[in-house]
Amino acid sequence: MMTEKQPFRLATGGLVDRAAPLNFSFDGRAITGFAGDTLASALLANGVRLVGRSFKYHRPRGILSAGVEEPNALVEHRSGSRREPNSRATVLELYDGLVATSQNRWPSLRCDLLSVNSWVSSFIAAGFYYKTFMWPASFWERIYEPMIRRAAGLGRTAPAHDPDTYEKATAFCDVLVIGGGPAGIAAAVAAGRTGARVILCDEDFVLGGGLLGDKAEIDGESGVDWARTMAGELAAMPEVSVMGRTSVTGVYDGGVFGAVQRVSDHLPEPPVHQPRLRFWRIVARRSILAAGAIERPIAFGNNDRPGVMLAGSVRTYINRYGVAPGRRAVIFANNDGAAGTLDDLAAAGVGVAAVVDSRDGGSAAVSAAAARHGAVMHAGAMVTQAHGGHGLRSVEVLTSDRQRERISCDLLAMSGGWNPTIHLTSHLSGRPRWDEAAAAFLPGSLPPGMTVAGAATGNADLNACLASGAANGLAAAHDCGFSGRLPFWRGYGSGDGQSHRPVQPLWRVPGARGKAFIDFQSDVTTDDIDLSVREGFGAAEHVKRYTALGMATDQGKTSNVAALGVLAEIAGTDMASQGTTTFRPPYTPVAIGALAGHARGMDFHPRRLSPAHPFETEQGAVFVEAGAWLRAQYYPRPGETWLQSAEREVRTVRGGAGICDVSTLGKIDIQGPDARAFIERIYCNNFAGLQPGRARYGLMLREDGFVLDDGVTMCFSDTHFVMSTTTANAPVVMQHMEFHHQCVWPELDVQLTSVTEQWAQFSVAGPLSRELLRRVVDRQHDIANESFPFMSVAQVTVAGVTARLARVSFSGELAYEIAIPAQYGDSLLRELMRQGEAFGVCLYGTEALAIMRIEKGHVAGGELNGHTTAADLGLGKMMSAKKDYVGRILAQRPALRDPERPTLVGLLPLDHGSQVRAGAHLVASGQVANLENDEGYVTSSAYSPMLGRWIALGLLASGNNRTGEVVRACDPLRGTESLVEICSPQFYDPTGERLHG
Amino acid sequence: MRIHCPYCGERGVEEYSYRGDATVRRPDANGPDALERFVEYLHLRDNPAGSHQEFWQHLHGCRAWLVVQRDVRTHAIESVVAASRRVAR
Ligand SMILES: [Zn+2]
């Protein structure tokens, strides 16, 4: 019956392609499977049963399931930078060249030295973290934590940058169907035939769900063929898309669903231009959850031995993959599904030694199947213990007459009943409710627009699945305005026509010997739950935290309900009173890459470049990030340090002329009859008298009275102003103004438009700047000192192109800012530099800019820090008393007017050679440098080429009255200290003569 | 969450930015108790379990400020109007 190369592969049957062998490796061993296999089915076909070690005790583990719920068979998939830990072998689609490695073992899977953890397990039982490592504290970091990190854990993350790409996409539909089993297919077909836009998401790579692992028939064809036929019909519908390999992972407000599409995980590498994963945001008006059900394990001694499997999964391996998961089986169940399991095992030629039905008296259906296949029937009996180390050898059965019997077998097919897969129903805080008749948690309140169909409703009967799917699909389409007829299919499931006895819950076997696992992945046993209750952590949410139950990557898919069952037994209550578990997104693990999409590395956020970036790059600029912008920081010449470059640039500006790209400054175009009135309310200083052709420095407060931003606003007419903001605050100021315009004073007729990116802007500064500009600005414009004085603005042309010229200065020199539509920015800068050659002009960056503004005592980011008032910055006199403006009232609060508040001062180190750094704290001389004596700090500092020494700005308590005093500038972070003298913040040209030159 | 912008139609919450309580109105700065009123305007907020009127801006869309009536327990949105169009109290 079995093929030679794959000793457990059946000669016929299943959905694998025996003509398409695939080579793969597990722990370095070369193995062959077939197209259509998962890694798990291929391993089982080859007799590989030991695939991993457990999280805490390093117990040998095999394959429990055939689906997403798998807690044991976790492997590292791929190698090198593509290595992904904790990949479930049961859903990993086999491809040629697949490389998988077992996890959490050392030095090898068969010989794991840390399995000694098993023998000292009494020391690492539930809650051991809390009890064992209480003291001494220093031991935690140095000894316990590294020890635990080595001993516990699962796979390793990739060692290098992920070479794959990830995408995000959005889709819209009328009806979203979640799950591609009989109910999901029925729903999608019923809705699709009405013409509604339908998306069917199925996590599997073949449509059919439970039909694939069963021997069902629908309308005279096999369930598999029916699924294929329906898939063909769906594919032909233009408004329907079937998304295979796509897991819906979360439900969000407003009919939004998250889904991960595994575009390339089944391929050796993503194809060119294809991502590895695509994260979908699906917006659906109606949704149908048809996610099926997950089988429950039973807790008996050593129930984690490789060879102990879920019964439905055993059937799936036989029917779907053509693999016998063992040679000699025992069935242990509390429900009638055992009959179908028996039939399938017998048909596959696997001997069934015994059927153990935990229900008192068993059931007719199961007994009949046992008689049919000559298996020993143990009704009202329990499997108490499994034997065998790396693989199951035998089980111990406690019969109904209290006899212990040992039965040899290499496969135990167990079934504790089924948990409907209702996780998504509770993502919007719906609480599942316990249904006594179904002996299962069923959906409570549902997310708006969602209905449930198929086995997820608690009724897995094939006809019920088909009927509920069709009815829900049609109803959902109806809700969206479509109409059609209700389809009908007649199915025959494997248990049909037999009498049924209901499932009788069995969470743990009384009298079990050895560790009886509830949560395989977190290594939580029934004893751990007992212990947790004994120690006072008996509530479900406490048990979870005390034992880590349900907290592994499988999120307790096979354990959460069982734990509640055990708790109910201990408490002697029913399930309903144990409450319920809360399911949260994601339903299955989602790679971080999928959530990040393209937003990583340099694409983490958009990078904004000045229009003149190309020229600046040619000129050798070193760029610095300023928010999302890249700004030229300095332009080094050969052999220069950054400070030497900045110093040269300052001297060139102050001695002749320099040009700085200030395109990044925020620019807000303000137009309308009420433009001036609006600006008056936004700035704290007076703009009523600002004439067309003039500019004014403005200071803006937040409503709480602190300074928000500053900048120059130009007036072109009574109804047209252009405001500039600092680079960093441009978006904040825009939003601040939009809020006040639309929400506070909607009656003002004014329009605000951000034109930051529409204009390139350059500061041309230095005593020769006017001469330079005369050569660039078209001749007809008069920019002579007298006709175009300080704070003048004008529309001008440059080579016929409209530009704006403003005589403003941040450097303290005679200076202009010239703005031109962005597309001419690069050309204008080239032209300015060409014409400036005769004047020895240089480009200067943000370093030189910062030095010159500190020399002039102008405030910037260090001082405009959100904690300073206008008065703190020495700008208190700007606050108008004649008008209302944002921040006026709350700036009058006593604490904001306290004369002892830290205010802006200049600081000069007494020792000319010593440096003061921003961040150093100011302490009165003779005082101890501690928090109590802290009187302020240094906000900005620079080496001043003009003064030949370091200078600084700072905020110092009562700073206005302390000129001449010497204080300590203490920088404990860098271990430096210097004495500094308080002075005026205007270090250079305090009278401002140079501005008017 | 999805918000129906009166100008752009229904859009995902990721296009919007949240400000908070839209029931507060900037007080008269010339009133006798202006300081007290402004402190309330800026800092005092009700925290209703249920329907709440709040400001959202369609920041990555048309930039309209909106007044959204939303149940903060269920995130169900009852109404959306442009802030500049809402009827003065
Ligand atoms: Zn909009």
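Helices here are DSSP runs of H or I with at least four residues, strands are runs of E with at least two, and both are numbered from the N terminus. By that count, chain A has 21 helices and 51 strands.

Some housekeeping. This is a predicted model, in which local features need pLDDT of at least 70, side-chain atom pairs count only at pLDDT 80 or more, and totals for chains, interfaces and linings use all residues. Residues are numbered from 1 along each chain as its sequence is written, chains are lettered from A and ligands numbered from 1 in the order in which they are written, and side-chain values use heavy atoms, with hydrogens and water left out.

Chain A, then. Its C-alpha trace spans about 115 × 70 × 55 Å along the principal axes. I will call a residue buried under 20% relative accessible area, exposed over 50%, and partly exposed in between, with a 1.4 Å probe and protein chains only. Of the 997 residues of chain A, 59% are buried. Taking a contact as heavy atoms within 4.5 Å, residues 24 or more positions apart make up 66% of the chain A contacts with a separation of 6 or more.

Next, the zinc ion. What are its protein donors? Donors are N, O and S atoms within 2.8 Å of the metal (3.2 Å for Na, K and Ca); water is not among the atoms, so sites may look incomplete. The zinc donors are Cys5(B) through SG, Cys8(B) through SG, His58(B) through ND1 and Cys62(B) through SG, at 2.0 to 2.3 Å. Their spacing in sequence is C-x2-C-x49-H-x3-C. Cys5(B) sits in strand β1 (residues 2–5) of chain B and His58(B) in the loop between β4 (51–57) and β5 (65–71), so this pair ties together parts 53 residues apart in sequence. Both Cys5(B) and His58(B) are buried.

Last, some backbone details in chain A. The peptide bond from Pro585(A) to Pro586(A) is cis, with omega near -5 degrees. Pro586(A) belongs to the loop between α12 (560–571) and α13 (592–596).

Arg78(A), not a glycine, has a positive phi of about 65 degrees. Its loop runs between β5 (74–77) and β6 (84–88) of chain A. Arg402(A) also has a positive phi, near 65 degrees, and is not a glycine; it lies in the loop between β22 (394–398) and β23 (404–408). Which of these arginines is buried, and which exposed? Arg78(A) is buried, at 10% relative accessible area, whereas Arg402(A) is exposed, at 63%.
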